[in-house]
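These notes are meant for a colleague who is opening the model for the first time. Please keep the structure in view while going through the numbered points.

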Amino acid sequence: MSALVANARWELLRWVRSRRIFLLVIPLLAGPIGSAIAFLYFRHVQANGTVLTNGTALLLGLFVTGGLSAMVTLDLAALSEGEELSRRSHLLSLSLPQSRAEVLGGRLLLVLGSTLAIFAVAGALVWPIASLVVPVQPTDPAALFPPFHLYEGILALLFFLGASTVTASIITRSASEALVAGVLAGVVTASAAGYLTYLHQITMVFPAVLLVVGAVALGWAFTRFEALDT
Amino acid sequence: MISGGVISRTDPPGGVAGAEAFALEGVSKRYGDVQALNEVTFSVREGEAVGYLGPNGAGKTTTLKLLSGLSRPTAGHLRLSGSDPILERRKALSSVGVLVETPGTLPYLKGSDLLEHIARVKGIPAKEVPTALSRAVGLMDVREAVDRPMGGLSTGQLRRVLLAGALMGDPHVLVLDEPTMGLDPAARADLRAVLRALRKEGRTIFLSTHLLEDVEAVCGRVLFLRGGRLQGDESVTHGALDPSAVLPRVLRCRSVQPVDLSRVQGALPPCTVMEVDVEMLPDQTFRLRFRGDEPRQAELVESLVRAGLHISRAEPEVPDLASRYLRYVGREEAT
């Protein structure tokens, strides 16, 4: 347990010293603020005939915040192990008296925990902002899908992206290649989600599948990391 | 006894007789088509300082990686502090300080960040961390360097910070790979002095290096490795530890009465005359060069005495470490 905490602390120290920690501010500030700007823009356009409902505004805001959170998740996940492996500083950390599961677990605890938590907070802030800028009208048509489902879906997507990027970093031993792999995974997922939405067949099964695939990827990452031969 | 890369020995050199610090038994390591280590067997006892010599690609770093849990053997077993460094990583590595290759460092981190992290992982209580850190940086003389980002340190400073990391927590066993690499002559001398002092404190030191001077300055025992096979196991100062090792040997003898070449040759057993090279020296002294084990050496002295030569002194001449290195390892690069 102490090694797990020590590694989470080590990861946090790396974020602080490299100033990477400020990345977490992006979804927290730019998500809600960017959403508010988008709502105001659409409200302005609304005068020319476009109708922005509260539900659609929520979806828009969650997409903006989720996109920014995904970017930060990809970056932090890729650098977590990828940076050490590409710089060969794992020769230090992996020769210390600690299990490799504790090394990876401690770091992932911070990476996935903080990015998911930041989106959870930033995404939740979209609700009051949307209600303020685009109040609910009794005549509003239903949104494309329930906003809260999208909120949950994005949390699953972030978990999936983080897990797949970390796995890629262990396989490639490179942060940059892991980042590319993570972006590709995001593109494929977004395309699949878009296509299912177009077919009106997107359900909560989709984020559930992302969670399962992410969990499998993490399991694979731990196995590969344990067997990593330097 | 040397057989198929396996060296077995019974008594440690210099009277060191601690418990086993670590051991390799028939350890092999293969990377694809490359056989990096081939059935290597040896053990090191607590308190020993052992040099590990060999050319590039001989398998030195591979051995150290196996010992420090960074790599798994393809065959064979390792024990470090009685535990398997892969299966019981925490137990095996808890009292070991490791520096393998030149690990990359994260340039934005300070040396003190790294040392504090090592202290935490090694389980040093929080209130004792400043003392442990102070001792390690003091030994390596990097008090100022540890407070600067590692990306701004010179190669030598960084090396010393990494060595301070290996010394965190007063490890009983130090496994060091080319520790003096990148250090200036003064820093190199300082480090050798530190390692000698640690040895005097009873710590086990396993030193992989290209520099014979490092081994001579620090170690009591030396292992020679070539092509992934162990070629020799000797005392640094006294030569072969194994009396049954068949080696080129030199015996310097002094006779009480005047002696000449034909007399010496005549005193040798008939079947060995062609195998023993006799060199006459001033002061009734002569040198016998031959290839064989210690019993063979005793046999030669005995035959001289039996032939009526009054031998007042017969002592083996141990070649310097460089000569022994060339004898075991040769000039060619290992494959």
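1. Rings of Phe, Tyr and Trp (its six-membered ring) are paired here if their centres lie within 6.5 Å, and a search of the whole structure gives 10 aromatic pairs over all chains.

2. Some conventions should be kept in mind, since this is a predicted model in which local features need pLDDT of at least 70 and side-chain atom pairs count only at pLDDT 80 or more, whereas totals for chains, interfaces and linings use all residues. Residues are numbered from 1 along each chain as its sequence is written, chains are lettered from A and ligands numbered from 1 in the order in which they are written, and side-chain values use heavy atoms, with hydrogens and water left out.

3. At the interface, 30 residues of chain A are in contact (heavy atoms within 4.5 Å) with 31 residues of chain B. The area buried between the two chains, that is, the accessible area (1.4 Å probe) lost on putting them together and summed over both, is about 3000 Å², and carbon and sulfur atoms give 58% of that area.

4. How many salt bridges does the rule find across the interface of chain A and chain B? There are 6, where a salt bridge is a side-chain nitrogen of Lys or Arg within 4 Å of a carboxyl oxygen of Asp or Glu; the side chains of A:Arg17 and B:Asp113 meet in a salt bridge, at 2.6 Å from N to O. Helix α1 of chain A, a DSSP run (H or I, at least four residues), gives 8 residues, the largest share of the side of chain A that touches chain B.

5. Over all chains the structure holds 30 salt bridges, including one between the side chains of B:Arg135 and B:Glu201, at 3.6 Å from N to O. This pair links distant parts of the chain, 66 residues apart, with B:Arg135 in helix α4 (residues 129-140) and B:Glu201 in the loop between α6 (185-200) and β9 (204-209) of chain B, where a strand is a DSSP run of E, at least two residues long.

Conventions:
Phe/Tyr/Trp six-rings, centres within 6.5 Å; stacked < 30°, edge-to-face > 60°.
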